[in-house]
Amino acid sequence: MSGIDVYKAETQCLSGRLGASPTVLGPWTGVRGIATKGKILMHRELDGRRAVITGGSRGIGAATAKAFAEAGAHVSIVARSAEKLAETTLEIVRESDRPPVVVAADLSTAEGVESSIRHCIEQLDGIDVLVNNAGSSGFGTVEEMRDEEWLEAINLKLMGYIRCM
């Protein structure tokens with residue numbers, strides 16, 4: 001299997017190749033996982049794979065990075081906060097003894113995406129798996145959100161995902 005497998009870490013998993021439309025994740029993709037009580041149980045297909053996890057410093061992204069590292073993947077975590085990335089790196093090493101490639105970047109900008117993905121490719125010697133998980137949410141109702149908040153969300157959650165692929 002070549003190209004980048006794309007995984008949405010929240011509710012839907014997608015698998016595709018660069019330039020192709022994604023299809024629903026299934027046994028034909030070669031990588032499967034089962035979520036149970038906050039843990040992701042991975043099959044052996046992740047051993048030796050090179051995975052980039054955006055939003056990898058906390059929450060779902062950090063849990064995914066830990067699970068992938070424990071399953072034998074070479075992991076890179078990308079997030080805005082260098083401090084949070086350092087904390088998550090220590091946790092990953094403590095649990096898997098596999099230090100991740102760490103990239104502090106703002107994925108809401110084209111420059112942030114390009115430089116972080118380029119660094120990951122250089123450090124991992126390619127990418128097999130991309131987990132697009134970067135994102136934060138504003139608080140309030142739709143009526144209360146300002147245009148700037150909507151544009152920030154679109155740049156990070158939509159454009160950042162597209163640019164990473």
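Analyst: Helix 1 covers residues 59-70, helices (H or I, at least four residues) and strands (E, at least two) being DSSP runs numbered from the N terminus. Its twelve residues should span 16 Å at 1.5 Å a residue, and the end C-alpha atoms are 17 Å apart, which agrees; the expected span is 1.5 Å times one less than the number of residues. The model is predicted: local features need pLDDT of at least 70, side-chain atom pairs count only at pLDDT 80 or more, and totals for chains, interfaces and linings use all residues. Residues are numbered from 1 along each chain as its sequence is written, and side-chain values use heavy atoms, with hydrogens and water left out.

After helix 1 comes Gly-72, with a positive phi near 100°.

Helix 1 also supplies at least two residues to the lining of the largest pocket, as do strand 7 (74-79) and helix 4. A pocket is an open set of points on a 1 Å grid over the protein atoms alone, where a 1.4 Å probe fits, with protein on both sides within 12 Å along at least five of seven lines; lining residues have an atom within 4 Å of a point. Of the 22 lining residues, Gly-55, Arg-58, Ala-134, Gly-135 and Ser-136 lie nearest the centre of the largest pocket. Helix 4 gives the largest share of this lining, three residues.
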